Amino acid sequence: MFILTTILGILLIVLGICCALTPLATFVSAGYLIAIVVIVSGAAGIITAFCLKKYGWNLIVSILAIVLGILAIARPGGIKIIDNLLIYLLGIWLILRGGVSAYLSFKTRKLPTRNKWGLGLIVGILGIVLGVYALIHPLFSAITIGLLVALCFIEQGIDVITFSRMNRKLQK
């Protein structure tokens, strides 16, 4: 499991770098990218919740992520409102995901791997800041959504690798 989650984290970081290098192409396909990432992230959150038998906020956020992702794919260009709301959906998702990352970091600070909890906290705070930024400046965010998506992929990749390493050390 550690190897697979580490590979997933690395792939997310590489995908984020590719999106950062081509922000215009990322913006053109942002609706699909965001929907797919949100659905995959939600599915991963649900699987994690059931594996760890912890059915709290992370499970609720994960279910909400899947619902929002499916709604975005169901009508990708048919309704202009959905196109305009993609920025807000991204902002809300970043805030929720960042909040969950920060919360999990605080929960792990008392564990034997506590020296790494700060990285998860920084990544969570970055996600929250990016989400708030997307909500405050929607027109500017529409132009830079490719970079926001890239940062989101990178943030998720770091998050997956960090928590995978912590989980591996706890299982030993």
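1. Burial and basis of the model. A residue is called buried below, that is under, 20% relative accessible area, exposed over 50%, and partly exposed in between, with a 1.4 Å probe and protein chains only. The model is predicted: local features need pLDDT of at least 70, side-chain atom pairs count only at pLDDT 80 or more, and totals for chains, interfaces and linings use all residues. Residues are numbered from 1 along each chain as its sequence is written, and side-chain values use heavy atoms, with hydrogens and water left out.

2. Helix H1. Within H1, the buried residues are Thr6, Gly9, Leu12, Gly16 and Cys19. Viewed down the axis of H1, these buried residues fall within an arc of 145°, so they line one face of the helix; the arc is that of the directions from the helix axis to the C-beta atoms. An α-helix has 3.6 residues a turn, so residues three or four places apart point the same way. The face of H1 turned away from the buried side carries Ile3, Leu4, Leu11 and Leu21, which are exposed. H1 covers residues 2-21, and its 20 residues should span 28 Å at 1.5 Å a residue; the end C-alpha atoms are 29 Å apart, which agrees. The expected span is 1.5 Å times one less than the number of residues in the helix.

3. Overall content. The protein has eight helices and zero strands, and its pattern along the sequence reads α-α-α-α-α-α-α-α. Helices (H or I, at least four residues) and strands (E, at least two) are DSSP runs, numbered from the N terminus. Of the 172 residues in the protein, 37% are buried.

4. Helix H6. This helix, residues 117-136, has 20 residues and reaches 29 Å from its first C-alpha to its last, close to the 28 Å expected at 1.5 Å a residue. Its buried residues are Gly120, Leu121, Val123, Gly124, Gly127, Leu130, Gly131 and Ala134. Ser101 is found in helix H5 and is buried, with a relative accessible area of 1%.

5. Salt bridge. One salt bridge is found in a search of the whole structure, the criterion being a side-chain nitrogen of Lys or Arg within 4 Å of a carboxyl oxygen of Asp or Glu. The side chains that meet are those of Asp159 and Arg97, at 3.8 Å, N to O. The pair links distant parts of the chain, with Asp159 in helix H8 (residues 145-171) and Arg97 in helix H5, 62 residues apart. Both ends are buried: Asp159 has a relative accessible area of 5%, and Arg97 has 14%.

6. Thr162. Helix H8 also holds Thr162, which counts as buried at 9% relative accessibility. Its side chain reaches the backbone oxygen of Ile158 at 2.8 Å. A polar contact of this kind is a pair of N or O atoms within 3.5 Å; within protein, one must be able to donate a hydrogen and the other to accept it, and residues adjacent in sequence count only if both atoms are side-chain atoms.

7. Nonpolar surface patch. Leu64, Leu85, Tyr88, Ile92 and Leu96 form a nonpolar patch on the surface, with about 370 Å² of accessible area together. Patches are made of residues with over 30% relative accessible area and no salt bridge, like charges being joined within 9 Å and nonpolar side chains (Val, Leu, Ile, Met, Phe, Trp, Tyr) within 5 Å. Accessible areas come from the Shrake-Rupley method with a 1.4 Å probe, and for residues only the protein chains shown count as cover. Helix H5 (residues 80-108) gives the most to the patch, with four residues. Ile92 lies in helix H5 and is partly exposed at 39% relative accessibility.

8. The H3 to H4 region. Lys53 sits in the loop between H3 and helix H4 (57-74). Although Lys53 is not a glycine, its phi is positive, about 55°, and the residue is exposed at 63% relative accessible area. Trp57, in helix H4, is exposed as well, with a relative accessible area of 69%. The C-alpha atoms of Trp57 and Val100 are separated by 7.8 Å, although the two are 43 residues apart along the chain. Ala43 lies in helix H3 (residues 30-52) and is partly exposed at 29%. Ala43 and Leu59 are 16 residues apart in sequence and 9.5 Å apart in space, C-alpha to C-alpha.
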